[in-house]
Amino acid sequence: MSGAQVLAVREKQELARQEEQTVPGRTYVPATDIFESDNALTLLLEMPGVGKNDVDVQIENDVLRVEGKIDYAAYKDIEPIYTEYNIGHYARAFTLPNKIDRDAITAQVENGVLTLTLPKAKEAQPRRIVVN
Amino acid sequence: MALFPDPFGTLLGLQNALDAFRRSDWLQSSPSASGSYPPLNVFRKGDDFALVTELPGVHGTDLDIQVKGRTVRLSGIKSVKYPEKVSVHRRERLEGRFDRSITLPIEIDQDKVTAEFHDGILAIALPRAERDKPRSIRIG
């Protein structure tokens, strides 16, 4: 534990949308990790406050759109007296490589982190050629 | 139902309220405030305070909360792990340890402090100690 570095604060980044919004409210960009294994691409998105029923993942024209809605009803009867961060919904979009098996994408939320597993299509997976 | 139900019940109304208290020196002026991660929001409900922070990907078992007098200390470790034999294309999630303590302007009843941790959000309820509560004085 002593060897681990001390965490720095990174300011939340507001999403710059291509389309303009009609509903008032600010949206933030979730911090994302992407890694690739032999058979899948995995995306990990940090969306604190977003439960598993509040995530919306859509694919449209090679673009993967992820949206997470926070539940701000809990803030209704309390009064802020000191704040260091703001809250809001999350949204981010990624262009998909065409070697993804779109029907097999799975999503999972745990501790405010959304994990998206994008399995590669059969033809894109590495094959070992046996030399005779 | 109206498309925009209530101007103050919207998310934007709440966001503006949160913004109004940003960059105040309410806690910075305290000599015992230390550390900067995680960012904290402090709320008040009646006499009691609540401290809310975002800790996505942190396990409850890796968190340590201590309360004494007016001070709350929050420490722990946030780790980001990848499986073996993968190539990482993008790395934005931060990892490391954190230790933050802040001093509030009220005395906390440390036996009644409760904490909840759901979906990466930690909420610590800090009830004000009975002896610290203001009393109304009646003019005789």
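**Strand pairing across and beside the interface**

A: In this predicted model, strand E2 of chain A and strand E5 of chain B (residues 87-91) run antiparallel and are joined by 4 bridges. One pair of residues can be named here: A:Asp33 has B:Arg91 of E5(B) as its bridge partner.

This pairing may be set beside the contacts between the chains. On the side of chain A, 42 residues are in contact with 49 residues of chain B. Strand E2 (32-36), strand E3 (40-46) and strand E6 (79-83) of chain A are the elements that each contribute two or more residues to the side that touches chain B. By residue class, that side of chain A consists of 23 nonpolar, 11 polar and 8 charged residues.

Chain B also holds a sheet of its own strands. Three strands, in the order E3-E4-E6, make up an open sheet of chain B with antiparallel pairing. Strand E3 (63-68) and strand E6 (96-103) of chain B each have a single partner strand, so they stand at the edges and one side of each lacks a neighbour in the sheet. On average, and with direction ignored, neighbouring strands of this sheet are turned by 10 degrees against each other.

Strand E4 of chain B (residues 71-78) runs antiparallel to E3(B), and 6 bridges join the two. Here B:Gln66 stands opposite B:Arg73, a residue of E4(B). In general, the strands of a sheet pair through backbone hydrogen bonds, in either a parallel or an antiparallel manner.

Key. Residues numbered from 1 in each chain as written. Chains lettered and ligands numbered in written order. Predicted model: local features only at pLDDT ≥ 70, side-chain atom pairs only at ≥ 80, totals over all residues. Contact = placed C-beta atoms within 7 Å. Nonpolar A, V, L, I, M, F, W, Y, C, P; charged D, E, K, R; others polar. Pairing = 2+ DSSP bridges. Axes fitted to C-alpha atoms, helices over the stretch in contact; angles between N-to-C directions.
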